[in-house]
Amino acid sequence: MFRALIRKDLQISRLPLLLASCLLVVSPLAIAILMSIDSVLMKQTMERQLFALLIGSGFAIHVTAQLSLAILSANLIAVERVDRSADFLAYLPPNRDMVLRSKATVLGATALILLLVPLALTGSALCWGERPGPAPSIEMFHILLTISAIGVCAAGIGWWASCTLSSNAVAILLALLAPALPSISVLLICLALGIEDAAHAGALLAAVCLATGTAGFVLGTRHYLRRNEP
Amino acid sequence: MSDMLVEFESVSVCYKETLGIDRITFGLTSGTTLGLLGPNGAGKSTCLKAMAGLIRPTSGHVRILNDENFGVRPHVRQQIGYVPEDPWLYPWMTARQIVRFAAPMYERWDNELAEELISDFDLPADRPIRTLSKGTRVKAALLVALAHRPRLLVMDEPLAGLDPLARDDMVSQIVRAKSEGTECVVISSHQIDEIVRLADQVAILNRSRMVVHADLNELQNSAKRIEAVLVDGCLPKHELRQTVWRHINRREWSMTVYPFNESLVDELQRNNSLTSISVSDLGIEQIMKDVIRGDQQSCSVL
């Protein structure tokens, strides 16, 4: 029963998954094109070029993955209300828990793949490439963490919107716009408190985004399990 | 444990500002086919949705197959077949894909029966559901509802919008399901003739309440129309407690009574000035109309 639900959820998510796959291919291609027009980089050794390509691709995939996950999350539930197939699913044997678990599995598995690819690329860069300069600083790690937190915020709000609304388009729009609110809030807080250190501001933004995203997942799930309508 | 397959105990369902059903109580045992009748907006669909576990009652208790939490228990839901009023299924799937999707969800899914139904219903199995007419979509929904051999089959106006041949197909499949293990069928419809063909019990809903729930034959035999003519210048002095609906036009006094017995004619004659009185049978459609009109007149005893 669960496998049938997963198969169906993969099918209803084919557009966001196709987008994620495209971005997975396009991101390294874009990095390669950008590298090919960088004359300084082209003069470096093959190993250094490979390192830059793998690290750059990993970073680009990590950034675009957040976009894909936000769209997927916002689409998963609401899309079945748009074509009223949620009504059909509601009278089949699986209960809401199972339906939601299947959707969460699809989202989680996609997130895992989209996280593992950049990790694998980074690992490969460290194994086979030649580092051109000093080791990547802790700042780089902070940036990646902040990007991930923004992604969680977008996906969480997307999930909540998908659980609540009857339009996947509106849910996707909300998911994409969601990080703006914590970003503006953090900017205003920094201005008000006179925080000038970018690392502090980044950490604050990551914390707010993470909290917003988690709240989105929790409240969305609670609403879905309690609502009367499919 | 009760021998009821379906039990409604003072069940009310409220939507945001409207009442779907109001304190409905009834029970159905194995072997029953209930025809649910009533005007649009009477609460039939809400009642059926509550029965299929699609909506939770605001108050009261619904027990299906002796389980009050049937709505969240897949093994109980596997024994319920539901055909909604306007089935959409997955519009991008074909009928065959719907079968492949639904089959693993039911322990008692019968692939041979599914194939047989596809052929009997003349379903275009390889065309997406969204390209099918409403009637064909209803057939596809009935296919999903029947192919797992449910113990309880709940259908919300499945005959609406179907041509007479398709209606016949549908009715014969429902009859066949009953003979092959479906223990209880609940069907709402405005097609009274089909209800009479299928049901052995009828329930009439009006203004969110169940105003009649009776055995079909018993209702047909016990509800009678009495036509009386009053003596010139006289008004009715005594009305029967069993009056469901009444209408007075000058001297002509018509009433539908339920349950009828011969002594009611004597009671009327004794207590009113009448020149003549006659009793006639009523069809289910007329009984339903009178019950609803009577409920609106608020003179009903039901």
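Start by selecting B:Gly181, which comes after helix α6(B) and has a positive phi, near 125°. Helices here are DSSP runs of H or I with at least four residues, strands are E runs of at least two, and both are numbered from the N terminus. You are looking at a predicted model, where local features need pLDDT of at least 70, side-chain atom pairs count only at pLDDT 80 or more, and totals for chains, interfaces and linings use all residues. Residues are numbered from 1 along each chain as its sequence is written, while chains are lettered from A and ligands numbered from 1 in the order in which they are written.

Now step back to the helix itself, residues 164-179 of chain B. Its 16 residues reach 23 Å from first C-alpha to last, close to the 22 Å expected at 1.5 Å a residue (1.5 Å times one less than the number of residues).

Next, highlight B:Arg167, B:Met170 and B:Ile174, the buried residues of α6(B). They sit on the same side of α6(B) because they cover an arc of only 65° around the axis, taken from the directions from the helix axis to the C-beta atoms. Buried means 20 or more other C-beta atoms within 10 Å of a residue's own, exposed means 12 or fewer, and partly exposed lies in between, with C-beta atoms placed from the backbone.

Turn to the other side of α6(B) to find B:Leu165, B:Ser172 and B:Ser179 exposed.

Finally, zoom out to chain B, with its 10 helices and 13 strands. Of its 302 residues, 42% are buried, and its C-alpha trace spans about 75 × 40 × 35 Å along its principal axes.
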